[in-house]
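Hi,

Here is the structure I promised to pass on to you. Have a look at it first, and then read on for my notes on the salt bridges.

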Amino acid sequence: MIEIERKFLVTSDAFKKEAQKNYRIVQGFLNTDPERTVRIRIKGDQAFLTVKGIGNATGTSRFEWEKEIELADAEKLMLLCEKGIIEKMRYEIPSGSHIIEVDEFSGQHKGLIIAEIELCHENESFLKPGWLGKEVTGDSRYYNSQLSKNTRTP
């Protein structure tokens, strides 16, 4: 239940040519406290309830628990979420033995593109495509829970 993830800004839309699939995500937060974030996510025709704990010193690792829930339940829970629903397109790009997930935000954060890669351990190496830019792992301004509160993109 520990998620190990690194985040990067994306420098171009070249990733779209490499994507093997994409889908729309809408997500809201029932709680945005950094020590216990609670998220509702609708991903295509699936829905999830996710609880995330506080990250370690580097922001690379943190507790994550996720459970698939009924789409109708997620839609009702979305009505209880804090202000600031996030909408984005997610693209999945193979990179060696990993999948890089690239989120292209719409709405108030249109133009922001962030890539995430999940790893087995913090020091694991991976192939870095040319469109992968500055690393923002651990920079809370790029956490979706914080983006949901802010009208300006970092």
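Predicted model: local features only at pLDDT ≥ 70, side-chain atom pairs only at ≥ 80, totals over all residues.

Residues are numbered from 1 along each chain as its sequence is written, and side-chain values use heavy atoms, with hydrogens and water left out.

Searching the whole structure gives 16 salt bridges (a side-chain nitrogen of Lys or Arg within 4 Å of a carboxyl oxygen of Asp or Glu). One of them pairs glutamate 3 with lysine 52, with 3.5 Å between the closest N and O atoms. Because glutamate 3 sits in strand 1 (residues 2-10) and lysine 52 in strand 4 (residues 46-55), this pair ties together parts 49 residues apart in sequence; strands are DSSP runs of E, at least two residues, numbered from the N terminus. Glutamate 3 is buried at 6% relative accessibility, and lysine 52 is buried at 11% (buried means under 20% relative accessible area, exposed over 50%, partly exposed in between, with a 1.4 Å probe and protein chains only).

Lysine 88 and aspartate 103 also form a salt bridge, 2.9 Å from N to O. Lysine 88 belongs to strand 6 (residues 86-95) and aspartate 103 to strand 7 (residues 98-105), so the pair links parts 15 residues apart in sequence. Lysine 88 is buried at 2%, as is aspartate 103 at 1%. Through shared partners, salt bridges join Lys7, Lys88, Arg90, Glu101, Asp103 and Glu116 into one network.

Best wishes

Methods. Helix = DSSP H or I, 4+ residues; strand = E, 2+ residues; numbered from the N terminus.
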